[in-house]
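Trainee: Please take a close look at one part of this model, the packing of its helices. I would like one connected account.

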Amino acid sequence: MTVEQVWAARRLRTDIIRLRIATGLLLATGVVLLFAISHPMPGLLVMLCATFTLAAASSRSTRLRRLERQLGN
């Protein structure tokens, strides 16, 4: 296990945590906008952005699993 691989794993873990926090905040903001504004489109757009951040977190989780599997072998 090289130092670069350890740092890559740490960066991926912190990215995943940040993206999950961002997803939760975006979902909460989207729900508030859905009920606070008479038009639903802004809230739905914010929730769509949350879906994209969730997908980004998922892809980083997959990358982290692959990296950890490589380090284990």
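**The helix pair**

Mentor: The protein chain has two helices and zero strands. This is a predicted model, and every value below is computed from it. The radius of gyration of the protein chain is 16 Å, well over the 11 Å that the globule rule gives for 73 residues, so the chain is more spread out than a compact globule. Its C-alpha atoms fill a box of roughly 55 × 15 × 10 Å along the principal axes.

Now to the packing itself. Helix α1 covers residues 3–36 and helix α2 covers residues 41–72. Their axes come within 8 Å and cross at roughly 160°. An angle over 145 degrees counts as roughly antiparallel, and α1 and α2 are therefore roughly antiparallel to each other. The hand of the crossing between α1 and α2 is left-handed. Which kinds of residue make up the contact of α1 with α2? The contact residues divide into 22 nonpolar, seven polar and six charged.

Side-chain detail comes next. A search for aromatic pairs gives a count of zero. One ring does have a charge over it: the charged end of Arg 10 sits over the ring of Trp 7, at 4.9 Å from the ring centre. Both residue numbers fall within the 3–36 range of helix α1.

Terms used:
Residues are numbered from 1 along each chain as its sequence is written. This is a predicted model: local features need pLDDT of at least 70, side-chain atom pairs count only at pLDDT 80 or more; totals for chains, interfaces and linings use all residues. Side-chain values use heavy atoms; hydrogens and water are left out. Axes are lines fitted to C-alpha atoms, for helices over the stretch in contact, and angles run from 0 to 180 degrees between N-to-C directions. Helices (H or I, at least four residues) and strands (E, at least two) are DSSP runs, numbered from the N terminus. Angles under 35 degrees count as roughly parallel, over 145 as roughly antiparallel, 65 to 115 as roughly perpendicular and the rest as oblique. A crossing is left-handed if the near helix is turned anticlockwise from the far one by less than a right angle, and right-handed if clockwise. Ala, Val, Leu, Ile, Met, Phe, Trp, Tyr, Cys and Pro count as nonpolar, Asp, Glu, Lys and Arg as charged, and the others, Gly among them, as polar. Rings of Phe, Tyr and Trp (its six-membered ring) pair if their centres lie within 6.5 Å; planes under 30 degrees apart count as stacked, over 60 as edge-to-face and the rest as tilted. A charge sits over a ring if NZ of Lys or CZ of Arg is within 6 Å of the ring centre and within 35 degrees of the ring normal. The radius of gyration is taken over C-alpha atoms; the globule rule is 2.2 Å times the number of residues to the power 0.38.
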